[in-house]
Amino acid sequence: MSATTREELLWRFGKAEDPEVEARRQRILEVLLEASPQVQERLIEKGIEKGIGKGRLAEARAALRRVLARRQLVLSPLDDARIEACVELATLERWHDQAITASNVSEALQ
């Protein structure tokens, strides 16, 4: 796809301020994705690879906090904010594994 075509598509179908126009844009994108299962699958795989799934991140954060609480390792507000700000599933999983044997929160969140 040429840069010009891409720019025109983004101009025509970019996020809209008007809720009705935005709803139509969303519906067009849904129809296009339904018509192209291969593209839909690629987008899902990208999301999984990047660990972007918000549900998975929330579950990983909750599991980490449960392990820390169960081990009676108290999170400071700064530590809690750090966990909340983390958007990499691999990092949250590493911290979770470290929390199982860590002697303090700092050691768990290395």
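A: R25 is buried, with a relative accessible area of 15%, where buried means under 20% relative accessible area, exposed over 50% and partly exposed in between, computed with a 1.4 Å probe on protein chains only. The model is predicted, local features need pLDDT of at least 70, side-chain atom pairs count only at pLDDT 80 or more, and totals for chains, interfaces and linings use all residues. Residues are numbered from 1 along each chain as its sequence is written, and side-chain values use heavy atoms, with hydrogens and water left out.

The side chains of R25 and E22 form a salt bridge at 2.8 Å, N to O, the term denoting a side-chain nitrogen of Lys or Arg within 4 Å of a carboxyl oxygen of Asp or Glu. Both residues belong to helix α2 (residues 19–35), three residues apart, or about one turn of the helix; helices (H or I, at least four residues) are DSSP runs numbered from the N terminus.

R27 pairs with E34, their closest N and O atoms being 3.9 Å apart. R27 is partly exposed at 42%, whereas E34 is exposed at 54%. Salt bridges link R27, E30 and E34 in a network.

A further salt bridge joins R65 and E84 at 3.1 Å, N to O. This pair connects distant parts of the chain, with R65 in helix α4 (residues 54–70) and E84 in helix α5 (residues 77–85), 19 residues apart. R65 is partly exposed at 23%, as is E84 at 44%. Across the whole structure, the search finds five salt bridges.

Definitions and conventions: Helices (H or I, at least four residues) and strands (E, at least two) are DSSP runs, numbered from the N terminus.
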